[in-house]
Every structure is written in structure tokens, then in C-alpha cells.
There are 2 protein chains.
Amino acid sequence: MAEEGVRTADKRRGRTGARILDAALELFNRDGTGRVTTNHIAAHLRISPGNLYYWYPDKQAIVRALWARYAAQQAALWEGAGDDLPTPREMVGRLGALTDLTHEYLFVARDGLALAHEDPQLRALVVASRERTLGIVGALARTWRADGLLRPVDDARLDALVAALWTLTETWLAYAVLHDGATDPAHGEALVLAVLEPYLAA
Amino acid sequence: MAEEGVRTADKRRGRTGARILDAALELFNRDGTGRVTTNHIAAHLRISPGNLYYWYPDKQAIVRALWARYAAQQAALWEGAGDDLPTPREMVGRLGALTDLTHEYLFVARDGLALAHEDPQLRALVVASRERTLGIVGALARTWRADGLLRPVDDARLDALVAALWTLTETWLAYAVLHDGATDPAHGEALVLAVLEPYLAA
């Protein structure tokens, strides 16, 4: 019974940690990461600031934890394809799922560059996650080229193409929201296709 | 003499306003807009916070003034070409000047989306400036298409191409700085060319 009591307390604590992240995500997305304080998050959850600090020593720790969650979910999208490598058009077809995820973590796409600049730990996390993704997409693009799915281009052009595609994939939603709130995945797909399609073998 | 005294005082005040903007720009670029307060700016200039507030009621007013200055300088780059419309390759050649400007106002490229989300007045300014630029580049692209400098593409593709090119132009430097501080304009040109070149008529 004592052991079970410990497990229940552990679970309860785990729930509190997750609830803090969920509440922070909601507030960061809605109000902007810069304007939300740990006190806002605690008040939103009706918990004491002390309880919040037990889990996360400061706002930056919450930002980092959310970003790590986002990066892990993103990696699962890219890597969840199993052994069958997707074709270029299948990759474009996956952008809808990525748009949903980016929408869920909109503060990352919108406030990300600013946050990473201000926190060296977060910056290391962001750069590592971005380089991992660029590496995955870059390796895929090299396979496409070897398989004749892409027109022949040299390595420098292929790297620039991958960087251009990934930058658009990462940023288009935040710009769309800034302009008119339009978050139709078809808009993001149109941008990516405008860049990718001329490189597809006929 | 009295009149001259007034003019000198006006000039001095004008200088103070400009010095506040220059100091804020330096601190925003270096430390991140979120971490810099009006007190930091006043201390950096060795003026009283009251003197700063005489010019700018709050940090947001300084951010907006700097952004307006950036947008005006950017517009001058696009519109300073005179009556001779630049060719696509001449436009790419101008990216060096734009990179210099973006580097000077790095906080705009880096913190911009986050700042615009948190301040409706700034957001209106940013969206208007961005739509103006997209309009100028879009009109130019339609002229290129009509003149046979671009392969024939439909309007939807042309708009997506322009949006993709502009998003890369706006964001590549901030990402490059995040990764390794590399700010060679050739990197930005490579990204833009990877998108544009397949559309150029042979």
C-alpha cells in the first residue's frame, strides 16, 4: 500500500508537470512567449508559483521542455515512414501532418528565432534539431537524385534546395497567421511545390 | 540669436531621438529585443529614463520607430532602380545590399514575428510593409513573364514563387546567424538561385 501510495504521488506529480507544459503552450501560442510569465501559468492552472517552481525553475525551462517535445514529435513524423523511403510527392503529402503539429506549437515557429538567441541552451537544442532534420531531408534528396527521381543537380545546389524547402516548411505558417490567420495547409504545399517541382524528373 | 538658440535646441533634441534609436538597435541586435528594457537603453546612453520617455513612451514605440526606418530603407533599395526594370539576375545581385541592411537590423529578421504578434500596431506596420514588397516583387515577376524572361507559369505558381523567394530573402540571415554566425551573402544568393533559376527562360 505504501508503495502504491508512492506510485500514485509520482503519477500525480507527473500529471502536474504535463499540465504545466500544456497550460504554458496554450498561453505562449495565444499571448506570445515574451508576455507570459511563470505567474501567469500558475494562475491559469490555479496552482501556487511554488508548486510550479518545483517542476520548472523558470520560464526558460518550460520553453525548452516544450521545444524538446515538439522536436521529438516532429522527428517521429519524419522517421515514422518505416523502411520504404517516401517519394518527393509523398513527402509533400506529409506536410499536412507537419502543419497540424506546427499549428499546435505555433509559438515555436513564431517566437523561435528570438527565443533561441536569448538562451544558449535552447539555441543548442534548436540547432541540433534543425541540423538533424536537414540531414534526414538531405539524405533523402540524395537518394532521390541517385534513383533518378530528381533531375541531376550538383551537391551545392541540392543542399541549397533542401535548406530552402526546410526554411519554407518551418516558417510559412507563422507568416500566414501574421497576415490573415489563414492556415490552410494547401498554401504551404503550394510554396513547397513551387520550389520542388522544377527539380522533379519528368 | 534667440531663434538660433531654438534651432540648436531642436537639433539637439533631434539628435537625442536618433541616438536613442541607434543605441536601442545596437542592444536589440546584441541581446535580443525581449531582454532589453528602456532602462538599459537610457543607461547605455547615460541619459535619464525621463529624458528617454520624453522621446519614446515605451519600448514598443522604439521598436516601431526602428522597424519603420528599416522598412523605409528597404523600400529605397527596391525602388531605387529608376525606370529601368532590373532583370531576375540583377535582382539577385541586389541581395548583397539587402543582406547588409538585414544585418544592420538583425533584430527585425530574428525577433520580428514574435514582436509583431505581441503588438497590434507593429503587426499592421509589418503586414503593410511585407505586402508592399510582395506587391513590388510580384509586379516585377509578371513583367518578366510577359517579357519572356521567365518560363510560362500560371498566376498561382508565380505568386507562390514570389512568396517563397521573399520568405527566404527575409529569413535566411537570421537562421545562418543562429547556426554558426556565417553571414556570407553568397549563402543567401545560393538559396534564392536554387528557387529562381529553374524558372528562368533558357
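Predicted model: local features only at pLDDT ≥ 70, side-chain atom pairs only at ≥ 80, totals over all residues.
## The interface of chain B and chain A

On the side of chain B that touches chain A, at least two residues come from each of helix 1 (2-31), helix 7 (106-118), helix 8 (120-146), helix 9 (155-180) and helix 10 (185-196) of chain B. Helix 9 of chain B provides the largest share of that side, 14 residues. Sorted by class, the side of chain B that touches chain A holds 22 nonpolar, eight polar and 12 charged residues.

In terms of contact, 42 residues of chain B meet 42 residues of chain A. The size of an interface is often stated as the accessible area lost when the parts come together. For chain B and chain A, the area buried between them is about 3700 Å², with 64% of it on carbon and sulfur atoms. Within chain B, the residues that lose the most area to chain A are B:Leu113, B:Tyr175 and B:Leu178, which together make up 20% of what that side buries.

Two salt bridges are counted between chain B and chain A. In one of them, the side chains of B:Arg157 and A:Glu197 meet at 2.6 Å, N to O. This pair crosses between chains: B:Arg157 sits in helix 9 of chain B, and A:Glu197 sits in the segment after helix 10 (185-196) of chain A. A:Glu197 counts as partly exposed because its relative accessibility is 26%, which lies between the limits of 20% and 50%.

## A buried aspartate in chain B

B:Asp111 is located in helix 7 of chain B. With a relative accessible area of 2%, B:Asp111 is buried, since the class takes in residues under 20%. The side chain of B:Asp111 is joined to that of B:Arg110 by a polar contact of 2.8 Å. When neighbours within four places in sequence are left aside, B:Asp111 is in contact with B:Phe28, B:Gly32 and B:Thr33, and also with A:Ala114 of the other chain.

## The two domains of chain A

The domain assignment divides chain A into domain 1 (1-57) and domain 2 (60-199). Their C-alpha centres are 29 Å apart. Contact between them involves 14 residues of domain 1 of chain A and 14 residues of domain 2 of chain A. Together the two domains of chain A bury about 1100 Å², and 70% of this is on carbon and sulfur atoms.

Across the interface of domain 1 and domain 2 of chain A, seven residue pairs are in polar contact, both residues at pLDDT 80 or more. Helix 1 (2-31) and helix 2 (38-45) of chain A each supply at least two residues of the side of domain 1 that touches domain 2. Helix 1 of chain A gives the most to that side, with seven residues. By class, the side of domain 1 of chain A that touches domain 2 has nine nonpolar, four polar and one charged residues.

One salt bridge is found across this domain interface. A:Asp22 forms a salt bridge with A:Arg69, with the closest N and O atoms 3.2 Å apart. The pair links distant parts of the chain, from A:Arg69 in helix 4 (residues 59-79) of chain A to A:Asp22 in helix 1 of chain A, 47 residues apart. A:Arg69 is partly exposed, at a relative accessible area of 25%, and A:Asp22 is also partly exposed, at 41%.

## Salt bridges in the whole structure

Over all chains, a search of the whole structure finds 20 salt bridges. Three of them are listed here.

| Salt bridge | N to O distance |
|---|---|
| A:Arg69 and A:Asp22 | 3.2 Å |
| A:Asp159 and A:Arg142 | 3.1 Å |
| B:Arg157 and A:Glu197 | 2.6 Å |

A:Asp159 is partly exposed, with a relative accessible area of 41%, and A:Arg142 is partly exposed at 30%. Salt bridges with shared partners join A:Arg142, A:Arg145, A:Asp155 and A:Asp159 into one network.

Notes. Residues numbered from 1 in each chain as written. Chains lettered and ligands numbered in written order. Heavy atoms only, no water. Contact = heavy atoms within 4.5 Å. Buried area = accessible area lost by both parts, 1.4 Å probe. Salt bridge = Lys/Arg side-chain N within 4 Å of Asp/Glu carboxyl O. Helix = DSSP H or I, 4+ residues; strand = E, 2+ residues; numbered from the N terminus. Nonpolar A, V, L, I, M, F, W, Y, C, P; charged D, E, K, R; others polar. Domains from an automatic or database assignment. Polar contact = N/O pair within 3.5 Å; in protein donor to acceptor, adjacent residues only side chain to side chain. Buried < 20%, exposed > 50% of the residue type's maximum accessible area, 1.4 Å probe, protein only.
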